[in-house]
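Hello,

Here is the structure I promised to pass on to you. Have a look at it first, and then read on for what turned up.

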Amino acid sequence: NNQNESPNSDEIIEEINNKKRKLRNEYLEIQGSCIEYSQLWSFPILVSLSFCTQVAISCIFVIHYLVQDCIRGDCSMELAFPFIWLFAAIAIMGIILKSIADVNQTTLLIKDVFIYADGDIENTNSDYRQIGGRSSWLSYLESNPLNLAICGTVITTKLVVNTGYTLGIALGSFI
């Protein structure tokens, strides 16, 4: 009877190790795609953000000089156009950064599934046992994060909100 249980438990362990290996390889493929997309899209996104920044700065100077003309009594409707372009440039930058932040936020959900799942950390009597245990996956996800980085910077929602808030305050006080 002991001989029958031993191969059975060895088969179970082997099956768990195979599932674990297969799932980790699939995870690494997803991580590799994130790295490739980061490298592919870093330059175009950086160029787009640079152009939007240049448009915004140029509009600020145009607004400044048009307001100076208004002070001297030569005010016209042309003052509206730099404001439109300024807000368009800021909106485009916001859309780009928010989209990247949403991708990175979604990848954090994968880790949250393991963190907030029901059961104890080892999940000795659950489905996580079939893939090597929850704590094993948590440490693996910690050591191999999924991030879409632009020029080496991981864009998060917090970064976008904090940067947008700071730029908004600076822009408002300058105008």
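Let me begin with the largest pocket, which has a volume of about 570 Å³. Please keep in mind that this is a predicted model. The lining of the largest pocket is made up of 23 residues, and T53, M93, L97, T163 and L167 are the ones nearest its centre. What kinds of residue line the largest pocket? The lining has 18 nonpolar residues and five polar ones, with no charged residue in it.

Next, the aromatic rings. The structure holds two aromatic pairs. One of them is formed by F83 and F87, whose rings are stacked, at 6.4 Å centre to centre and with 25° between the planes. Both F83 and F87 belong to helix α2 (residues 80-115), where they are four residues apart, about one turn of the helix.

Are these two residues buried or exposed? F83 has a relative accessibility of 24%, so it counts as partly exposed. F87 counts as exposed because its relative accessibility is 52%.

There is one more ring to look at, that of Y140. The charged end of R24 sits over the ring of Y140, 4.2 Å from the ring's centre.

I hope you enjoy exploring it!

Best wishes

Key
Residues are numbered from 1 along each chain as its sequence is written. This is a predicted model: local features need pLDDT of at least 70, side-chain atom pairs count only at pLDDT 80 or more; totals for chains, interfaces and linings use all residues. Side-chain values use heavy atoms; hydrogens and water are left out. Rings of Phe, Tyr and Trp (its six-membered ring) pair if their centres lie within 6.5 Å; planes under 30 degrees apart count as stacked, over 60 as edge-to-face and the rest as tilted. Helices (H or I, at least four residues) and strands (E, at least two) are DSSP runs, numbered from the N terminus. Buried means under 20% relative accessible area, exposed over 50%, partly exposed in between (1.4 Å probe, protein chains only). A charge sits over a ring if NZ of Lys or CZ of Arg is within 6 Å of the ring centre and within 35 degrees of the ring normal. On a 1 Å grid over the protein atoms alone, a cavity is a set of points where a 1.4 Å probe fits but cannot get out, and a pocket is an open set with protein on both sides within 12 Å along at least five of seven lines; lining residues have an atom within 4 Å of a point. Grid points are joined across faces, edges and corners, and a volume is the space filled by probe spheres set on the points. Ala, Val, Leu, Ile, Met, Phe, Trp, Tyr, Cys and Pro count as nonpolar, Asp, Glu, Lys and Arg as charged, and the others, Gly among them, as polar.
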